[in-house]
Amino acid sequence: MRADRLCLTPEEAVTHVDDNTIAVVPALGVTYHGLYEDVAGIASALDDLQARTGLDVPIHVDAASGGFVVPFTDPGHNPWDFRVPRVKSINASGHKFGLAPLGVGWVLWREAADLPDDLVFHVSYLGGDMPTFQVNFSRPAGQVIAQYFDFVHLGRSGYAAIHGTAHAVARECAAGIASLPGFRVLHDGDPAKGIPAVVWTLDPGVQSFTLHELSDRLRMRGWQVQTYPFTGDLATRDFQRILVRRDFSREMARLFLRDVREAVAFLGSRPSAAGSSRPSSYSHL
Ligand SMILES: Cc1ncc(COP(=O)(O)O)c(C=O)c1O
């Protein structure tokens, strides 16, 4: 990652492809910042590569976060799924924006032939042929049933309403964070660009406090906002993010922003922050 390139670009993707590449994996919602990578653009760069070199590299879309968001909040999004012929498989996490209350993940293949049969375990002792492809075998079905309940109960309009609200709340949070001096928002929750999340960093000029200190102050108020690095050129910079799901209401967003503002005011007003050369120590007098 670079400051001017937070996502995998089509141009960059093809430079890493050679005879040993089994797939290119754009993320629909990069873990670090939640922004969507350009699946259609990467596919067309791979089409061009194939025309030039003969290399035919498929795409797996890691839609862990965005797979259950984009179809509802940005239906006109550039094609990122099986409408793109090069996309052979897609994963999405049910327990993230799929809203399933129990852990469940989904993976879809374009066609059965895209999942090699020698990876599939065929079981006969339950009667008939039961093909299975998973790490463990016997397990409860509760996760799947809970997810199915959400699908039926909420339907397309329910997911659209819930995630649409999450985006609106994320955008309110982003506006609040962006209004703080020295804060730079990298993802403002725009549904065309990424999942309902807000991601920010501090301008390098901010010397009075660090994001780690802000994390600590927020933790005192019950908020877990981790400070973490990105990768590549951005592995030495600090970032923070919040994810907004249906249980993070507007009221909570207002409380959160109030606590951020108070924490920033506290951190900025410390004597050491004002450039005092006094060593920090406790005075009991
Ligand atoms: C882009 C991406 N891929 C995969 C995963 C893993 O998903 P899961 O925890 O459902 O296995 C995550 C997040 O945890 C993610 O952000």
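The centres of domain 1 and domain 2, taken over C-alpha atoms, are separated by 27 Å, in a protein that is divided into domain 1 (10–114 + 141–155) and domain 2 (164–270), with bounds that come from an automatic or database domain assignment. This is a predicted model, in which local features need pLDDT of at least 70 and side-chain atom pairs count only at pLDDT 80 or more, while totals for chains, interfaces and linings use all residues. Residues are numbered from 1 along each chain as its sequence is written.

The predictor's confidence in each residue is given as pLDDT, on a scale from 0 to 100; its mean over the protein is 93, and 95% of the residues reach 70 or more. Residues 274–285 stay under 50, and for them the model has 3 contacts beyond four places in sequence, a contact being a pair of residues whose C-beta atoms, placed from the backbone, lie within 7 Å. Where pLDDT is low, the predicted coordinates should not be read in detail.

Taken along the principal axes, the C-alpha atoms of the protein fill a box of roughly 80 × 50 × 35 Å. The protein has 6 helices and 9 strands, which are DSSP runs numbered from the N terminus (helices are H or I with at least four residues, strands are E with at least two). Of the contacts with a separation of 6 or more, 65% are accounted for by residues 24 or more positions apart. Buried residues make up 29% of the 285 residues, where a residue is buried if 20 or more other C-beta atoms lie within 10 Å of its own, exposed if 12 or fewer, and partly exposed in between, with C-beta atoms placed from the backbone.

Between the two domains, 13 residues of domain 1 are in contact with 15 residues of domain 2. The largest nonpolar core has 57 residues, and those that touch the most other members are Leu 28, Val 39, Ile 42, Val 61, Ala 170, Cys 173 and Val 198; such a core is a set of buried Ala, Val, Leu, Ile, Met, Phe, Trp, Tyr and Cys residues joined through C-beta atoms within 7 Å. Helix α4 supplies the largest share of this core, 8 residues. Domain 1 and domain 2 both give residues to the core, so it lies between them. Leu 28 touches, among others and not counting residues up to four places away in sequence, Tyr 36, Val 39, Val 61, Val 70 and Trp 80.

Ala 13, in helix α1 (residues 10–15), counts as buried, with 23 C-beta neighbours inside 10 Å. Leaving aside neighbours within four places in sequence, Ala 13 is in contact with Leu 8, Val 24, Ile 42 and Ala 45. The C-alpha atoms of Ala 13 and Pro 26 are separated by 9.0 Å, with the two residues 13 apart along the chain. Ser 157 belongs to helix α4 and is exposed, with 9 other C-beta atoms within 10 Å; Ser 157 and Val 144 are also 13 residues apart in sequence, but 21 Å apart in space, C-alpha to C-alpha.

Helix α5 has Leu 211, Leu 214 and Leu 218 as its buried residues. They cover an arc of only 50° around the axis, which puts them on the same side of α5, the arc being that of the directions from the helix axis to the C-beta atoms. His 212 and Met 220 are exposed on the other side of α5. The buried residues of α5 pack against β7 (197–202), β8 (227–228), β9 (239–243) and α6.

Helix α6 (residues 250–268) has 19 residues and reaches 27 Å from its first C-alpha to its last, close to the 27 Å expected, a span found as 1.5 Å times one less than the number of residues. Its buried residues are Ala 253, Phe 256, Val 260, Ala 263 and Val 264. Seen down the axis of α6, these fall within an arc of 95°, so they line one face of the helix. These buried residues pack against α4 (142–178) and α5 (211–220), while the face of α6 turned away from them carries the exposed residues Glu 251, Arg 258 and Ala 265.

Two backbone angles complete the picture. Most residues other than glycine have a negative phi. Leu 99, in the loop between β2 (87–93) and β3 (105–109), has a positive phi near 70°, and this residue counts as buried, with 21 C-beta neighbours inside 10 Å.
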